[in-house]
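Look at the sequence and the structure below. Then work through the questions one by one.

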Amino acid sequence: MTDQVIINEVGLRDGLQNQPVHVSTDDKARMAEGLVAAGVKYLEPVSFVHPKAVPQMADAVELTPRLPKGDDLHYTALVPNLKGYERARDNGYPTVGLVLSTTDTFNQRNLNMSLADAVASCKAIIAAAKRDGVQTRTYISGAFACPYDGPTPVDVTHTLTRDMLAAGSDEIAIADTIGAGNPQQMKDIMAPLIGEYGATPFFVHLHDTRGLAAAMAWAAADLGVRKFDASVGGLGGCPFAPGATGNVATEDLVYMLEACGLKTGISVEGLRAVVALASEATQRPVGGRILAWIKSQEERGRDICIS
Ligand code: COA
Ligand code: ZN
């Protein structure tokens, strides 16, 4: 089992999409540069959604060419439907994130589609992406609970996951969109899937609403999952998922995984500068637990060494 972990930074998309203060394209570009300087290699900077549905994402086309460039950088754009997929492809994204929620209600609120229509739409996008040579990662949103209908039966998450893998989705992200899950549920969902498919296709996407995101990430890592979404500063929330707070903070996830002997290639100190930018851009204090601890140590005159 590899000790290398992929952390996909979703702060610019999931993190900013619900912020009340408009964040400029300049600020987003600066945050992307800071993230890459901190060692981040996987980023989801935009979604191609209706600009009226999510005004913070309206500059996706303008931001894209301003993102740092490099052969070792991997960008994903989130797409809600075929039109969004075509826009992502035409703007040069090599990977797209598809959204499939676990209930009719959530799909309706998020995508204006029933669950059955959303399944069909994802299959159509996966087929188009295969033809175009674009990689696909399907997010099973509300994999633990739906913001409207309550807890999600494990079988529902498993069935949608298997369906999307059978349709050819390269990866599946098991998403606790509202941060309602726990580490035992993570094991109940992931262990059978990893038994069937191995860990390689799986991402885990967590929100820290009830403070269990790091524990859930570790439960997944312990089973062999090596791909995680995270958001710098713990920014986040979904406009269509009431009660969802920020994603697991990238700096907390990096700190935990490195402390446990895994390798992320990301510097907590480097992320600190981006957290400062994010606080300024969103006009509110953000930052993971580890930064508060580092600050408290500095205030007491202690030297900290976290790479
Ligand atoms: N990007 C931009 N415009 C889009 C679009 C997309 N991905 N999909 C549809 N549209 C436009 C259509 O072209 C059409 O425009 P027109 O009125 O000028 O002809 C209009 O939107 C309506 O098209 P329709 O296919 O009926 O879309 P809809 O009204 O059912 O809206 C979504 C569906 C998904 C595009 C919209 O609800 C949306 O963007 N939601 C945001 C979802 C999201 O970001 N969730 C959080 C992340 S999980
Ligand atoms: Zn999310």
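Q: How far is a nitrogen atom of ligand 1 from an N or O atom in the side chain of Arg-87?
A: This is a predicted model, where local features need pLDDT of at least 70, side-chain atom pairs count only at pLDDT 80 or more, and totals for chains, interfaces and linings use all residues. Residues are numbered from 1 along each chain as its sequence is written, chains are lettered from A and ligands numbered from 1 in the order in which they are written, and side-chain values use heavy atoms, with hydrogens and water left out. A polar contact is a pair of N or O atoms within 3.5 Å; within protein, one must be able to donate a hydrogen and the other to accept it, and residues adjacent in sequence count only if both atoms are side-chain atoms. For Arg-87 and the nitrogen atom of ligand 1, the distance is 2.9 Å.

Q: What share of the accessible area of ligand 1 does the protein cover?
A: Lys-83 has a polar side-chain atom 3.0 Å from an oxygen atom of ligand 1. For Asn-112, a polar side-chain atom lies 2.8 Å from an oxygen atom of ligand 1. On its own, ligand 1 has 920 Å² of accessible area (Shrake-Rupley method, 1.4 Å probe; for residues, only the protein chains shown count as cover).

Q: Which helix gives the most to the shell around ligand 1?
A: There are 17 residues around ligand 1 (a heavy atom within 4 Å), and His-50, Asn-81, Arg-87, Asn-110 and Asn-112 come nearest. Two helices, residues 82–90 and 104–111, each supply at least two residues of the shell. Helices are DSSP runs (H or I, at least four residues), strands likewise (E, at least two), numbered from the N terminus. The one that gives the most, with 3 residues, is α4.

Q: Is His-207 buried or exposed?
A: Buried means under 20% relative accessible area, exposed over 50%, partly exposed in between (1.4 Å probe, protein chains only). His-205 has 4%, so it counts as buried. His-207 has a relative accessible area of 2%. Therefore His-207 is buried.

Q: What is the phi of Asn-112?
A: Most residues other than glycine have a negative phi. Asn-112 is in the loop between α5 and α6. At 63% relative accessible area, Asn-112 is exposed. Its phi is positive although Asn-112 is not a glycine, at about 60°.

Q: Where is Gln-283 found?
A: Phi of Gln-283 is also a positive value, near 55°. Gln-283 counts as exposed because its relative accessibility is 61%. Its place is the loop between α11 (268–282) and α12 (289–299).

Q: How far apart in space are Thr-152 and Gly-181, C-alpha to C-alpha?
A: Thr-152 is in the loop between β7 (150–151) and α7 (154–166). Thr-152 counts as buried, at 11% relative accessibility. In sequence, Thr-152 and Gly-181 are 29 residues apart. In space, the C-alpha distance is 9.8 Å.
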